Number of protein chains: 2
Amino acid sequence: MEKVTMADVAREAGVSKSTVSQYLNKRYEYMSEKTKQKIEMAIDTLGYQPNFLARSLKQKRTSLIGIIVANITHYFSTEVSRAIEDFFHQYDLQTIVCNADDDPDKEKKYIEMLRAKQVDGLIIFPTGKNNELYESMINQGYPVVFVDRKVENLDVFSVITDNTESTCKAIQHFIENGHENIAFAVQPLTVSTRIERLEGYKKALNDAGLEVNPNYIIEASIPEMKKKLEELFSLDVKPTALFAANDRVFIALGEFLKEKGMKFGKDLDVVVFDNIPFSQMLETTLSFIIQPAAKMGTKAAELLYQQIRKEDHDPEVFVFPSDIK
Amino acid sequence: MEKVTMADVAREAGVSKSTVSQYLNKRYEYMSEKTKQKIEMAIDTLGYQPNFLARSLKQKRTSLIGIIVANITHYFSTEVSRAIEDFFHQYDLQTIVCNADDDPDKEKKYIEMLRAKQVDGLIIFPTGKNNELYESMINQGYPVVFVDRKVENLDVFSVITDNTESTCKAIQHFIENGHENIAFAVQPLTVSTRIERLEGYKKALNDAGLEVNPNYIIEASIPEMKKKLEELFSLDVKPTALFAANDRVFIALGEFLKEKGMKFGKDLDVVVFDNIPFSQMLETTLSFIIQPAAKMGTKAAELLYQQIRKEDHDPEVFVFPSDIK
DNA sequence: TTGTAAGCGTTATCAA
DNA sequence: TTGATAACGCTTACAA
């Protein structure tokens with residue numbers, strides 16, 4: 001299998017390798033109809049399939065774009081990926097997706113692999129834990145765009161949501177509706193998105209002249225989340241509203257409420273920050289902060305394409321507003 | 001950028017290319033500590049990054065696995081992909097995911113691209129519309145496994161769910177609960193999964209001695225689905241239960257019911273065939289048929305790995321049971 | 001213990 | 001209009 005090479009085709013067709021190469025690259029200008037047909041036949045009878053590896057080695061580009069997502073089962077990531085793919089499809093660039101699984105080691109491996117495979121550019125949902133590697137890419141002028149999460153002290157094109165702003169708005173909404181005891185649940189503050197959302201929460205409270213009660217802020221990993229919620233709802237003054245900083249927190253919360261026989265909307269007002277598939281099928285008493293995934297993906301793709309084409313722009317951070325629904 | 005080659009490193013370190021190559025491949029056996037350090041330093045100061053393209057060209061393998069999913073935003077696909085990735089991670093094979101978007105042309109392009117890039121093997125959620133291409137891969141002994149969908153007349157390793165069986169059981173459940181007017185909604189019958197689910201529906205009715213009423217079977221594309229549902233619920237004898245053949249049908253159904261002010265469980269009993277993220281957060285009156293995505297992914301990966309290692313097995317179809325929840 | 005040289009399957013340059 | 005031939009960056013006998 002896979003041993004038929006251009007040389008075989010050339011021999012079979014009775015022409016030289018270079019002529020076959022011309023044919024394959026559709027440079028027919030000076031090619032006689034007869035040669036064309038001979039080559040066509042030879043390819044057919046031998047079942048020849050070109051080896052792009054060899055071509056790329058020579059041409060120094062692969063026409064491939066790499067996406068490294070933090071978590072491939074996260075709906076937002078797949079929506080963004082699809083938009084990126086749609087964008088590059090029009091330029092005949094193909095897209096491959098790798099899943100870093102929120103693991104900095106895996107992320108590193110994939111970045112190195114994709115670069116070593118000479119992928120033309122990279123769009124990354126960074127874990128934020130490989131700064132040296134990020135820096136070296138950027139310093140070497142390798143085309144790269146970051147999505148979803150900001151990395152501090154790094155001059156790189158980034159596409160993110162207004163995490164602080166939209167969280168702030170959601171909390172203001174709670175306040176307008178008469179809530180005073182508003183809780184905030186988040187996973188460990190290891191990435192910018194979580195930190196910024198917490199900032200938005202605090203800002204809204206401050207702006208409204210409400211006190212930030214540390215007991216109402218839960219920072220816990222998913223397995224610990226339920227225990228912390230237990231504590232939260234054992235307080236003398238229980239919260240009447242809660243902000244779930246992402247979809248996984250939301251799931252933990254849902255399980256907790258179910259166990260306690262509590263209901264969204266009735267016993268607790270809830271806003272979730274994330275694009276949840278099927279959210280339209282969920283109880284209408286819930287609110288969601290929806291990021292414009294498709295637009296963000298397209299923007300990231302554009303930014304990468306500029307770099308690949310060596311258009312000169314200074315790295316910028318593009319912030320997209322999100323919708324509360 | 002990216003112009004530092006092994007030759008540069010060799011020059012900088014004052015050794016030959018082959019020695020550098022030895023070093024990179026960790027064949028230290030006969031290497032003096034001094035040479036090792038010299039090379040290490042040279043790599044560091046030059047910022048050398050190996051070009052895997054060149055290596056793969058020589059070695060004729062890439063240590064890369066390709067997954068071609070029909071729809072990357074489909075939760076089931078991402079779950080399967082993750083399991084595949086986890087499996088190969090232990091063997092230091094990396095995984096890339098491409099999204100065919102249920103488009104046979106895109107699927108073809110990706111298959112050809114990945115093969116041309118010398119990917120070591122392919123796991124495909126087939127559109128079912130590229131039979132010639134599938135055949136040529138298989139005949140050439142290229143490692144490939146199909147997931148989720150069966151393709152007729154093709155002797156290939158496949159990993160699928162017992163679509164007929166589990167649909168049948170779900171319908172039996174309806175019948176046991178006293179339902180007699182059970183509807184079935186599905187997208188156009190272009191892939192095996194949909195066809196088999198319909199078969200299961202018919203089988204259950206037949207087994208129970210109930211008549212299959214063609215008016216209760218809706219086969220429509222998603223945009224047309226609501227209109228067809230409208231017709232269904234204008235019948236004199238309206239269905240009291242409905243089987244949604246996948247998640248997208250489910251969404252259309254949800255929108256329809258909302259518009260009509262109808263409620264799941266109260267006005268209509270519903271079973272959905274698909275892994276829906278957050279299904280535990282949805283109304284408890286709904287049932288879901290859940291495919292064992294992780295197990296299926298692992299199995300597919302094992303089957304591919306066997307082929308890559310040239311272990312001799314005859315193609316088989318592995319059918320997994322699914323759960324009703 | 002290290003170096004030389006051929007080769008992997010293409011493309012590109014230039015000559016014929 | 002087509003063909004030699006030299007790259008591309010690496011691996012691998014084999015020689016030294």
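The model is predicted, with local features requiring pLDDT of at least 70, side-chain atom pairs counting only at pLDDT 80 or more, and totals for chains, interfaces and linings using all residues. Residues are numbered from 1 along each chain as its sequence is written, chains are lettered from A and ligands numbered from 1 in the order in which they are written, and side-chain values use heavy atoms, with hydrogens and water left out.

DNA strand C is surrounded by 26 residues (a residue is near a strand if one of its heavy atoms lies within 4 Å of it). The closest are A:Ser21, A:Tyr48, B:Ser18, B:Tyr30 and B:Thr35. By class, this surface has 9 nonpolar, 12 polar and 5 charged residues (Ala, Val, Leu, Ile, Met, Phe, Trp, Tyr, Cys and Pro count as nonpolar, Asp, Glu, Lys and Arg as charged, and the others, Gly among them, as polar). Helix 4 of chain A gives the most to it, with 4 residues (helices are DSSP runs of H or I of at least four residues, and strands are runs of E of at least two, numbered from the N terminus). Phosphate oxygens of DNA strand C lie 2.8 Å from a polar side-chain atom of A:Arg55, 3.2 Å from a backbone N or O atom of A:Asn51 and 2.7 Å from a backbone N or O atom of B:Ser16.

Around DNA strand D there are 23 residues, the closest being A:Thr19, A:Tyr30, A:Thr35, B:Met6 and B:Tyr48. Helix 2 (17-24) and helix 4 (52-59) of chain A, and helix 2 (17-24) and helix 4 (52-59) of chain B, each supply at least two residues of this surface. A polar side-chain atom of A:Lys58 lies 2.6 Å from a base nitrogen of DNA strand D, whereas one of A:Lys60 lies 3.0 Å from a phosphate oxygen.

An open sheet in chain A has 6 strands in the order 7-6-8-9-10-12, with mixed pairing (two strands pair if DSSP finds at least two bridges between them). Strand 7 (217-219) and strand 12 (323-324) of chain A are at the edges with a single partner strand each, so one side of each has no neighbour in the sheet. Strand 9 (residues 269-273) and strand 10 (residues 287-290) of chain A pair in the parallel sense over 3 bridges; A:Phe273 has A:Ile289 as its bridge partner in strand 10 of chain A.

Conventions: Polar contact = N/O pair within 3.5 Å; in protein donor to acceptor, adjacent residues only side chain to side chain.
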